[in-house]
Structures are given as structure tokens and as C-alpha cells.
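Dear colleague,

I am handing over the structure we spoke about, and my notes on it follow below. Please read them with the model open beside you.

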Amino acid sequence: MAVRPVYFDHEVLAETGRLVRISHVCRKWREVALDLANIWAECVFAYPHAFQTLLGRARECALSVALEDRPNILQRRKRLTKEQYDYV
């Protein structure tokens, strides 16, 4: 049985990008953004290259992930890495 690739919802990717940009505005905004562990927990899987960083920011919060098994070619999708797949 072949394993189908798993893809991320593009809205989660967009929200994560906005959260990261907010954390880069100034020191105070970064402090506030980094303290929002429950929000980071929703986007831990959004950027495979930043998985460990985002996981750390989520701290002890329950993780949330929005995945699809059939990508829409019109929308940007990212695949779950082996590290992320093994973590789940």
C-alpha cells in the first residue's frame, strides 16, 4: 500500500507568515507574539524548515494541524517532512 503525500492548507501557511512578520516589528511586539503559545501550536507544521523553532514556541500547548491528501494545484501547498510525520 502506497502512502499518499500530505499537504498543508494554504490559509494556515498565510496566517503563520503574518504571525512571523508581526514578531519582527519591534522588540515589544516580538515579546507579545512569542508569548502566544496557543497560536504557535496551530502552525507548528506549516514550515518544515522551522519545525523545531515553531514547536518550541508552542511550548506545552496541544498541537493543531490542517492537512489534505489531495492537493489543489492552484493553491500553494507544502508537504509534511519525515521529521514532522514521525512527530505526529
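How many residues apart in helix 2 are Lys-28 and Glu-31, and what separation does that make in helical turns? They are 3 residues apart, which means that about one helical turn separates them. Before going further, please keep in mind that this is a predicted model, in which local features need pLDDT of at least 70 and side-chain atom pairs count only at pLDDT 80 or more, while totals for chains, interfaces and linings use all residues. Residues are numbered from 1 along each chain as its sequence is written, and side-chain values use heavy atoms, with hydrogens and water left out.

Salt bridges

A search of the whole structure finds 2 salt bridges, the term being used for a side-chain nitrogen of Lys or Arg within 4 Å of a carboxyl oxygen of Asp or Glu. One of them joins Lys-28 to Glu-31, with 3.6 Å between the closest N and O atoms, and both of these residues are exposed (buried is under 20% relative accessible area, exposed is over 50% and partly exposed is in between, with a 1.4 Å probe and protein chains only).

Another salt bridge brings together the side chains of Arg-59 and Asp-35, at 3.5 Å from N to O. Because Arg-59 lies in the loop between helix 4 (51-58) and strand 2 (67-68), and Asp-35 in the loop between helix 2 and helix 3 (37-40), this pair ties together parts that are 24 residues apart in sequence; helices (H or I, at least four residues) and strands (E, at least two) are DSSP runs, numbered from the N terminus. Arg-59 is partly exposed at 45% relative accessibility, whereas Asp-35 counts as exposed at 54%.

The loop between helix 1 and helix 2

Ser-23 is found in the loop between helix 1 and helix 2 and is buried, with a relative accessible area of 1%. A polar atom of the Ser-23 side chain lies 2.6 Å from the backbone oxygen of Val-20. Leaving aside neighbours within four places in sequence, Ser-23 is in contact (heavy atoms within 4.5 Å) with Trp-29, Arg-30 and Ala-33.

Val-25, also placed in the loop between helix 1 (10-22) and helix 2 (27-34), is partly exposed at 48% relative accessibility. Together with Ile-22 and Trp-29, Val-25 forms a nonpolar patch on the surface, with about 290 Å² of accessible area in total. Patches are made of residues with over 30% relative accessible area and no salt bridge, where like charges are joined within 9 Å and nonpolar side chains (Val, Leu, Ile, Met, Phe, Trp, Tyr) within 5 Å; the areas come from the Shrake-Rupley method with a 1.4 Å probe, and for residues only the protein chains shown count as cover.

Cysteines and Ala-46

With a disulfide taken as a pair of cysteine sulfur atoms within 2.5 Å, the count comes to 0. Cys-26 is partly exposed, with a relative accessible area of 34%, and Cys-61 is also partly exposed, at 28%.

Finally, Ala-46 sits in the loop between helix 3 and helix 4 and is buried, at 1% relative accessible area. Ala-46 and Gly-17 are 29 residues apart in sequence, and their C-alpha atoms are 9.2 Å apart in space.

Methods. A polar contact is a pair of N or O atoms within 3.5 Å; within protein, one must be able to donate a hydrogen and the other to accept it, and residues adjacent in sequence count only if both atoms are side-chain atoms.
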